[in-house]
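Student: I would like to learn how to read a structure by its features. Can we go through one together?
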Amino acid sequence: MEQTQVTDPRSGLSEHTGKPGDSMPGQGDAHTSRSTLPTRLSVPEISQEHAGELLTEIRRFCLSEPDAGASLTRPDQRWLPAALYPYRNQQAIRQDYPLFLSRNDDGSPSCLSIMDLLFNTVADFAPEADAAKVLKDNLARLEVELRSQLTNQDSDPVDATPAVQSACDALESTLALKDETAAQLHDDLAKLIKTLPAGGTFLPMTEHTALQIYLYAAEAEAAHRDDELHKEIASLRSRLRNILATEHARGEQGRDASTLAESVSDAANSQFDAAALSRVLGSVEQGIATNPDRLKRIERTVSTFDRFLADPNASVLQIISRESPPLCAKRDTVQWTTTKADPCVEAEAVFERLAHDRADLFTAIRTAKLELDNAYDPIRHDTLVLSLDWRSFSQAELLLVPPVLAIEDPEQIAGSGMLSLSRLLLSGRPVGVLINVAAAGDPGASGEELFTRYRLELAYLGIGHREALVNQTTAARPTHLLESFRLGLGAMHASLHVVASGLTASADEPALGAWLHGGAALEGRAHPLFHYDPEAGETWARRLDFSVNPSAEDDWPACEILCLDNAGTQTPIASHFTFADFALLEAPYHGEYRLIPDGLESESFVDAAEYLQLDAETSCEMIPFVWATDANGIMHRLAFTRQLGFACRDRLNYWHTLQELSGVRNEYVLEAVQNERERLEAEFASQREKLIAEHTKEIERVRTEAAGEALRRLAEGLVNADLASLASGTASGTLPPASSVAPVPAAPSESETLAVPTAPEPEAEDEDEGYDEPYIDTPLCTTCNDCMAINAQVFVYNANKQAVIGDATAGTFEQIVSAAEACPARCIHPGKPLNPNEPGLDELIERAKPFN
């Protein structure tokens, strides 16, 4: 059965891997088809004369000269970075949205992509590999059906169960299976619907996505905390009421006949006389009455509990904004305040009011616990109760104050609102601030200033306040966004959330959709993600979490662009995805690009990533470019201006700052490592020179002793020689018996030569007699085991795990020479061959000379 293909964005442009949707879409299986690849045409090279004119014009444009580049082609919104060309069809892209929102068993919020929802749900009721096989084989088709239905919905969340049920019905109709297979699929789809998390909704990606996820997270966290608070208060109130009821029963009114009659059931009233019982109790002397002040405290405490439990708006979320509430915020759990004043200032005032109300409640809770333990001491506790405010709250109490969120415009924060934001972040009040930004924009600049000044980093500004929680996140990574909001809702201090909405700087709908646009901003270092949590530890390494970014240790994510040549053959181009690539998706930046005509070649053309590594002097001589595709899918090079290059370097410098603060590429650490490496290398070199000197000295000593020994043996041989026996020609050195002496021969004639036998000269000893056998400078052995691998009988280890000669005859001379050549310490000396019949000795002796 043919399967519906959906491009899976799990593999990124970089090597970054992670949870679904946590990386930029990259070269997935669906991207290798010819229809998704751009074409790079080969054209004849432009003539030298015309090429010179074009190069001059392009260079003038890159240097931002006035009126330069007028004759060159300027890209429009149909142009795309070449690395993103395979993703132009959004319907074929598997992305995180529509996002499934639900609550876990413990009440905490969670979010999943559609594919993860389907896969996890099926795995819950059919974990075996062969279970629900037809459904598992068609999960991609079911995903397509579900996405198709949700695409036609409006921007409001959609109940998950009816939507999935409709997609299941459509799948059954499309497959049109029969008999047992159809029945099995129907049953498995019913189990899928039944196993879906209850109360889940599908959320599209819009300009209000960040607010909707915040509201979902805040409602989930507040509901869980309020549920526990209501249970505790109900229990304390019940126990305090029992105390009051007991004291009430001990008074005069408690012994009244009518009161006694009301205290028993109607059936029991017929069994005794309430009036008689009242008279008997009235005659009994009562015990010591409870302190009236204590009773008043308990009554006030119970009254406080009653007011809280009866107030349905006691725990609603508080949001303060300059804008009117969007439809998604019009709910019973949200109190939206539209203000013309500063939202940060208003949020502080709202928190103070809520904290004051909660102080009365927490005072009542503390008083109740002390009274129930009979431990309330007016002298000690009255003063503490009266002075209780939010600074005295425990961590658990502070988290029970309803969440307060101020929504502010980035332009306001960059202007008049900066002081009030700073005061809020320094105040310690656990108030959240949400700022929606455009990843390519600059809240402190407009128009031409976008290219002539360093960008104002609002999140970095927040980090400068040290004790405030700061999140820089994006709606394109909902898991990170949800985690950021949960950190803020659980923080003991103020929190700042700088969120990229996925929209362009001009607030237009991106050409590739908000989700892909947000992912491209992340890859292009336009909007890095991080958490700065001062409660995580005392060091930057613990406070700043930078790990979620793709290729966090590199300047730019590396990517491979697949394209087709004139013959239709796939050709890879190694590249990087830089800010210059991302900026092509933003209309305000289009004027910073011009087309480099095909066929124009020059050594001045340099890829953007390489260009950004050059120094200022060298970069002025180069023409930077990025790979892009036009509306027809043809790849071209786009040169960009020095101004855009400045913006790229600004993004890269900020990236380096975050890297260093998070410890990814800390310059101090790198310098310390380099210094330690140099120290160790110098120490090793010194020790090596010392060992070489000692070795040389030892060799000279051995040579001297060997030479002396050879001379001594020669002298002994000469002294002990029997010259008489040598002269008489006998070898024994003794005279023969007289009877055996032969007659003296006649004197030789003059013509005969008198041959007088002489003593044979001793053979000249070889200068290197002491080096005939192999030996090892054992103190220099590094225990590398190379010689052992050649012959473990010739070479053995001593007690210090250093090599010595074992049985030299157990191997060949070739093995000994090979071991000497392999030895890194050069401490093996082969000597001379022990077997004169071994083949190839002439060559082996030459090889052995450098080691003897």
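Student: Which residues are linked in a network of salt bridges?
Tutor: This is a predicted model. In it, salt bridges join R455, E457, D650 and R651 into a network.

Student: How many salt bridges does the structure hold?
Tutor: It holds 34.

Student: Which partner does E371 have in helix α11, with N and O atoms 2.7 Å apart?
Tutor: R294. E371 sits in helix α12, residues 343-372. R294 sits in helix α11, residues 292-310. The two are 77 residues apart, so read the pair as a link between distant parts of the chain. R297 also meets E371 in a salt bridge, at 2.8 Å from N to O. R297 lies in helix α11 too, so this pair ties together parts that are 74 residues apart in sequence.

Student: Is E371 buried or exposed?
Tutor: Read the relative accessible area: under 20% is buried, over 50% is exposed. E371 has 3%, so it is buried. R297 has 11%, so it counts as buried as well. R294 is also buried.

Student: What should I look for in a nonpolar core?
Tutor: Start with the general idea. In soluble globular proteins, nonpolar side chains tend to be buried together. Here, the largest nonpolar core has 151 residues. F579, F582 and L644 have the most contacts inside it. Helix α7 supplies the largest share of this core, 14 residues. A second, separate core has 28 residues, including M115, A126, L175 and I193.

Student: Which residues is L644 in contact with, beyond its neighbours within four places in sequence?
Tutor: F579, A580, A583, Y589, E592 and Y593.

Student: What is the volume of the largest pocket?
Tutor: About 1,000 Å³. It is lined by 47 residues, and P410, E411, N436, V437 and A438 are the closest to its centre.

Student: Which element gives the most to that lining?
Tutor: Strand β9, with four residues. Elements that each supply at least two are α7 (209-250), β8 (404-408), α15 (410-414) and β9 (432-437).

Student: How does the lining divide by class?
Tutor: Count nonpolar, polar and charged residues separately. The lining has 23 nonpolar, 13 polar and 11 charged residues.

How values were computed
Residues are numbered from 1 along each chain as its sequence is written. This is a predicted model: local features need pLDDT of at least 70, side-chain atom pairs count only at pLDDT 80 or more; totals for chains, interfaces and linings use all residues. Side-chain values use heavy atoms; hydrogens and water are left out. On a 1 Å grid over the protein atoms alone, a cavity is a set of points where a 1.4 Å probe fits but cannot get out, and a pocket is an open set with protein on both sides within 12 Å along at least five of seven lines; lining residues have an atom within 4 Å of a point. Grid points are joined across faces, edges and corners, and a volume is the space filled by probe spheres set on the points. Ala, Val, Leu, Ile, Met, Phe, Trp, Tyr, Cys and Pro count as nonpolar, Asp, Glu, Lys and Arg as charged, and the others, Gly among them, as polar. A nonpolar core is a set of buried Ala, Val, Leu, Ile, Met, Phe, Trp, Tyr and Cys residues joined through side-chain atoms within 4.5 Å. Buried means under 20% relative accessible area, exposed over 50%, partly exposed in between (1.4 Å probe, protein chains only). Contact means heavy atoms within 4.5 Å. A salt bridge is a side-chain nitrogen of Lys or Arg within 4 Å of a carboxyl oxygen of Asp or Glu.
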